[in-house]
Amino acid sequence: MALHKLMVDDFYDDTYKLIAIHCRLEDYRLAYLLNQSLDLRLQRKTEDIDMEYLKSSYSIFEWNNTSQYVTWNLVSNVCKKEEDSLYSTGLFQTSEKVIKTFNLVPEYKKVDFFIKISDEIQNVNEKVILRKLQDIPQIITSYSVNPSKLKSKDHLIF
């Protein structure tokens, strides 16, 4: 009897564009500015991206443009959580609050947000989008990222 093995990578298609954004805005404010500048309709999804093993969650906004067969996602790369930290000083144990920072894509720790553009017919011009993003004064910088070079590209499957 033959043994057949299915690989998860066989079903995953990583043909999407990924843009990194550096800015200090809240997620809803950035989504609003992107909607205005790029003529999008991004809306917050009801559930965030939860990473159980990291105990972190990341906000995600999505717009499925059915007329052009393009799905736009704005996802936060940073999650800050306040946790209790125990340490002992001699006979006594004390606890203090510590803020821990987690990243959805650890290779890009300085990136605040990612825009993921999944277009089936490859009609989105990335250079035009980057130029429009640079025109938004609240965005410090934005640049294209090659998704195939990411070690943690599994985190970008939504």
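## Exercises on a predicted chain

The chain exposes about 10700 Å², and carbon and sulfur atoms supply 50% of this area. Areas follow the Shrake-Rupley method with a 1.4 Å probe. This is a predicted model: local features need pLDDT of at least 70, side-chain atom pairs count only at pLDDT 80 or more, and totals for chains, interfaces and linings use all residues. Residues are numbered from 1 along each chain as its sequence is written, and side-chain values use heavy atoms, with hydrogens and water left out.

**Exercise 1.** Classify the ring pair of Tyr108 and Phe114.

Step 1. Apply the cut-offs: centres within 6.5 Å make a pair; planes under 30 degrees apart are stacked, over 60 edge-to-face, the rest tilted. The structure holds one aromatic pair.
Step 2. The centres of Tyr108 and Phe114 lie 6.3 Å apart and the planes stand at 90°, so the pair is edge-to-face.
Step 3. Check burial (buried under 20% relative accessible area, exposed over 50%, partly exposed in between). Tyr108 is partly exposed at 26%. Phe114 is buried at 0%.

**Exercise 2.** Where does the charged end of Lys116 sit?

Step 1. Take the criterion: NZ of Lys or CZ of Arg within 6 Å of the ring centre and within 35 degrees of the ring normal.
Step 2. The charged end of Lys116 sits over the ring of Tyr16, 4.7 Å from its centre.

Technical notes: Rings of Phe, Tyr and Trp (its six-membered ring) pair if their centres lie within 6.5 Å; planes under 30 degrees apart count as stacked, over 60 as edge-to-face and the rest as tilted. Buried means under 20% relative accessible area, exposed over 50%, partly exposed in between (1.4 Å probe, protein chains only).
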